[in-house]
Amino acid sequence: MKFKDKKFKILILSDIHNPENMPVWTEKFVLYAMETEKPDLVVLLGDNTYGHYKGVTDEKNKTALKKIVSLLGDTSFAVVFGNHDHEGFPEMSEAQAKKLLFDWYKESKNCLMQPGDYSINLKDSKGERDIFSLYFIDSGTYAEESGYAYVKREQLDWYEAECDKNGNLPSYLFQHIILPEIFDLMHESRIPLPGYTKGQGDRGWKFYKFRKGTLLSGEMKEGPCPPEINGGQFDVIKEKGSTLACFFGHDHTNDFVCDCQGIKLVNVPSPSYYTYGNNRGVRVVTLHEDDLTYFDSKVIHINDVDTPKPKNKLVDKWGVHKYERKTGRDAE
């Protein structure tokens, strides 16, 4: 892949959580983003398909996956897995389910995904030399010890070696689950205070707010859910010094950009109407060949564009699946 007219545009879609039948509101919004932004690359940032639900089958999972791919047209796309993608195959191990999903993605000629963790180098507009790297890491599902998974030492060894192989070019990193260092950027309170957001998981009894100067744009609308165990990934990224920004999904309503010791930590909201949201959107990142260190990113929020939206306010807030569970009624 290469820059075009000294620019390279990436559209990031996270937590689509697509079941067999994609809600029309999600479909129209993704198509809007594709048509208006015309990205050079789409990144599917994990939890792309819904996972386990009543009546799920391999055929329904494949239908869900192929629907997402169909919205991308001929645009090249890369994929990482989230913590739910494999759950739609309860009879399989996580590795077996991911292998099957990988095979289905690779049926599309425009899929750039590779087995396991992988990187893609971008060439200059003339196509003469590599000038930027993109790293794609499987952040896993759940840790054996407790909580969400963390990137393992062998993956960090791969990242270090891959950076060296690529000449330590400036780079971005994409994975589903955010790093624990996000909480190094926050004030913590044991009582709810104005401007503070309630934590989740093992931090569910505390409240958080970004420290002054760390939040560059966007908002924290829900407590981030990183691993409970710190596997040292941020320290490795910091030591290598070539990755300028890391992009995460997982927390559906967060759309912030933060600065952590000079590295941007960026959350991508979910566009899905099948799962919870209420801040639905996609993120667009534009690289500039003349200044690869410049960070140009925006979020397109669904409420800011003229696309179909559900009339049912509960569906809009909680998503189709939770509405159906709570009420036993059709979302329409």
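## Helices α4 and α5

In this predicted model, R153, L156, Y159, E160, C163 and D164 of helix α4 are in contact with Q233, V236, I237 and K240 of helix α5. Sorted by class, the contact between α4 and α5 is made up of five nonpolar, one polar and four charged residues.

Helix α4 spans residues 153–165 and helix α5 spans residues 233–240, and their axes come within 10 Å of each other while crossing at roughly 10°. Because angles under 35 degrees count as roughly parallel, α4 is described as roughly parallel to α5. The crossing in which α4 passes α5 is right-handed.

## Helices α2 and α3

The contact of α2 with α3 divides by class into six nonpolar residues, one polar residue and three charged residues.

## Nonpolar cores

The largest nonpolar core has 66 residues, and within this core Y105 and F174 touch the most other members.

When residues up to four places away in sequence are not counted, Y105 touches L44, N48, L65, V69, F77, V79, F81, C111 and M113.

## The loop between β2 and α2

Two residues can be followed in the loop that runs between β2 (41–44) and α2 (58–71), one of them being D47 and the other H52. D47 has a positive phi of about 50° although it is not a glycine, and with a relative accessible area of 1% this residue is buried.

H52, by contrast, is partly exposed, with a relative accessible area of 48%. Leaving out residues up to four places away in sequence, H52 touches E87, G88 and P90. H52 and F248 are 196 residues apart along the chain, and their C-alpha atoms are separated by 22 Å.

The C-alpha atoms of V257 and P180 are separated by 15 Å, the two residues being 77 residues apart along the chain.

Q261 is found in the loop between β12 (257–260) and β13 (263–267). Q261 is not a glycine, yet this residue has a positive phi of about 55°. A positive phi is also recorded for D47, at about 50°.

E188 lies in strand β7, which covers residues 186–189, and is partly exposed, with a relative accessible area of 46%. Its contacts, leaving aside neighbours within four places in sequence, are with Y196, K206, F207 and Y208. E188 and G199 are 11 residues apart in sequence, and from C-alpha to C-alpha they are 9.5 Å apart in space.

N312 is found in the loop between β15 (296–301) and α6 (313–318), and a relative accessibility of 23% places N312 among the residues that count as partly exposed. Between N312 and Y323, which are 11 residues apart in sequence, the C-alpha to C-alpha distance in space is 9.7 Å.

Key. Residues are numbered from 1 along each chain as its sequence is written. This is a predicted model: local features need pLDDT of at least 70, side-chain atom pairs count only at pLDDT 80 or more; totals for chains, interfaces and linings use all residues. Side-chain values use heavy atoms; hydrogens and water are left out. Axes are lines fitted to C-alpha atoms, for helices over the stretch in contact, and angles run from 0 to 180 degrees between N-to-C directions. Helices (H or I, at least four residues) and strands (E, at least two) are DSSP runs, numbered from the N terminus. Angles under 35 degrees count as roughly parallel, over 145 as roughly antiparallel, 65 to 115 as roughly perpendicular and the rest as oblique. A crossing is left-handed if the near helix is turned anticlockwise from the far one by less than a right angle, and right-handed if clockwise. Contact means heavy atoms within 4.5 Å. Ala, Val, Leu, Ile, Met, Phe, Trp, Tyr, Cys and Pro count as nonpolar, Asp, Glu, Lys and Arg as charged, and the others, Gly among them, as polar. A nonpolar core is a set of buried Ala, Val, Leu, Ile, Met, Phe, Trp, Tyr and Cys residues joined through side-chain atoms within 4.5 Å. Buried means under 20% relative accessible area, exposed over 50%, partly exposed in between (1.4 Å probe, protein chains only).
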